[in-house]
Every structure is written in structure tokens, then in C-alpha cells.
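Here are questions and answers on the pockets of one protein model. Look at the structure first, then read on.

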Amino acid sequence: SHGNKEVFSCRGILLAVQWFWDRGHKDITVFVPSWRKEQPRPDVLITDQHILRELEKKKILVFTPSRRVGGKRVVCYDDRFIVKLAHESDGVVVSNDTYRDLQNERPEWKKFIEERLLMYSFVNDK
């Protein structure tokens, strides 16, 4: 949401990571689809792409798998990666996604998502 739905803002990810880091949270994992590493298309803009590589080097960001089949991009269902890791590590999910489908997939995830989902808003860079 940092890019106002016009661009995918990598700076927004960095700002979120920094906000939690400054408050003492050091076990932070960001999941981003691997196709975000590719050269952006005019209809799918991305800014400050170098930030993704920097966060990956610091072992904060993990790229979820994707591949091309017959010229089309096939991506994994990264929501499952997010909820599974947060549940296993007793963490918090920072997202505006409600994960409604995953709440119905596993009973333990339903309670976890209800109690551990932190939704957010950006006001400029805050």
C-alpha cells in the first residue's frame, strides 16, 4: 500500500521492516514472489528494486517460487508460506489480507489468524 496501488514500493517493505526492527523485533521474515526480481513491465511498476536484494542478503527477505510454463508465469500460493511460518514460530502476520481461505483450511490457523493478524496503513512514509 506504500505505492498507493500505482507501483509496488520496495521502500514500503523496508519502512515496515525498520519499524519493527527499531522496536526490538529481530526475527523478521518478508515473503515476496520471485518474479518481483525480474525487470518490471510498464503495467506492473516496481520502485527501489535493489532493496529486495539487500533484504535478501540480510536473510530478512525470502523469495517464493515461481516459474514459466508455456510463456505464462506460474506462482506458488505464498499466503500459505506466510501463515505457516508465523504459526510455527509463534509470530505475527503483518498484512491487509484476511486469509479467509486459509482460515477454513486448518482449524488451528483460523484462531491464529484471528488473533495474530496485524493490518496496517501508510501515511506517506509512516
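Q: From which domains does the lining of the second largest pocket draw at least three residues each?
A: This is a predicted model, where local features need pLDDT of at least 70, side-chain atom pairs count only at pLDDT 80 or more, and totals for chains, interfaces and linings use all residues. Residues are numbered from 1 along each chain as its sequence is written, and side-chain values use heavy atoms, without hydrogens and water. A pocket here is an open set of points on a 1 Å grid over the protein atoms alone, where a 1.4 Å probe fits, with protein on both sides within 12 Å along at least five of seven lines; lining residues have an atom within 4 Å of a point. Domain bounds come from an automatic or database assignment, and the two that contribute are domain 1 (1-75) and domain 2 (77-125).

Q: Which element gives the most to the lining of the second largest pocket?
A: The lining includes Leu 15, Trp 19, Tyr 120 and Asp 125. Helices are DSSP runs of H or I with at least four residues, and strands are E runs of at least two, numbered from the N terminus. With four residues, the top contributor is α1.

Q: Where does the largest pocket lie?
A: Among the residues closest to its centre are Thr 29 and Val 94. Domain 1 (1-75) and domain 2 (77-125) both give residues to the lining, so the largest pocket lies between them.

Q: What is the volume of the largest pocket?
A: Volume is the space filled by probe spheres set on the points, which are joined across faces, edges and corners. For the largest pocket, that gives about 1400 Å³.
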